[in-house]
Amino acid sequence: MRRAATLSALAAVLAATAAGSALASGAGGPRTAASGATAPRTAAHGKHATLLDAVPARGVLRVCTTGDYRPFTHRDPATGAYRGIDIDMAADLARSLDAEPAFTATTWARLVDDLAAGRCDIAMGGVSVTLPRARKTYFSEPYLTDGKTPIVRCVDKEKYRTLEQIDQPGVRVIVNPGGTNEQFVRAHVRRATLTVHPDNTTIFEEIIAGRADVMMTDASETRYQSKIHPELCAVHPDRPFTFSEKAYALPRGDEEFRNYVDQWVHLATRDGTYAKYQDEWMK
């Protein structure tokens, strides 16, 4: 209740600030290029354009998500329904904006471009913060610290603890395409055999079946996959090879919406909301 009141108050303050800015900018009539100034960003009716107003008005929060990255996002191939930690978080964010979530399927290669093109209002589902992505989108306050680490058959967990042990002739490394996993592997694997597997929902079965030896992905995913596949072990997930953070990607230029989502993440990661959804998947 307290969190809902805080978010409602924040939305009112941000909306008032946006309205004040629009009035101030338009006090003497619209500026034009001929007057030496750029016209302010406005909506069709003259109001400052922000998703903080548009989402409640339409009653829908449009969410881009890949649906292939448990425990954050998973699309059931039979029903098309989405589940996962960030699917639950999307529903929570939508409720705070008096809206319902609507999920738009994307891929890791297209995710940022889909968001930048306006096909959705936010991208969610275990998205890692990277500088190339930050050139095209805003990122919210991070909600999770993560990093790349191996997942292997448990019988091999002592064989593949370091990059030197992994990057050897005869070792079969498998990776999903288009995201930070592939970027990491291509930067560090030179001598091992590399296979790009197109389906991240079935890639772990390739290791179990003995057709691959190692996958390197985020520690959060290795923990989850080793939980649902007892044959697989996460290798030192508490000491990954890299440092990264997960956050929600937002359209560039919409300061009011970013400020609201930041406050929502800040509260959700401290009042038990995120922990509740995470525990439902990880315990």
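Tutor: Helix H7 and strand E12 each give at least two residues to the lining of the largest cavity (helices are DSSP runs of H or I with at least four residues, strands are E runs of at least two, numbered from the N terminus). This is a predicted model, where local features need pLDDT of at least 70 and side-chain atom pairs pLDDT 80 or more, while totals for chains, interfaces and linings use all residues. Residues are numbered from 1 along each chain as its sequence is written, and side-chain values use heavy atoms, without hydrogens or water.

The lining holds 8 polar, 4 charged and 3 nonpolar residues (Asp, Glu, Lys and Arg count as charged, Trp and Tyr among the nonpolar). Its volume is about 120 Å³, the space filled by probe spheres on the points.

Now to the surroundings of the two elements. H7 covers residues 180-188 and E12 covers 214-218. H7 lies across E9, E10, E11 and E12, at about 125 degrees to E12 (contact is heavy atoms within 4.5 Å; angles, from 0 to 180 degrees, are between N-to-C directions of axes fitted to C-alpha atoms). Helix H9, residues 219-228, also lies across E12, together with E9 and E13, at about 120 degrees to E12. The open sheet has 5 strands with mixed pairing, ordered E11-E10-E12-E9-E13 (pairing needs at least two DSSP bridges). Its edge strands are E11 and E13, and the twist averages 30 degrees from one strand to the next.

Technical notes: 1 Å grid on protein atoms, 1.4 Å probe; cavity = no way out; pocket = protein on both sides within 12 Å on 5 of 7 lines; lining within 4 Å.
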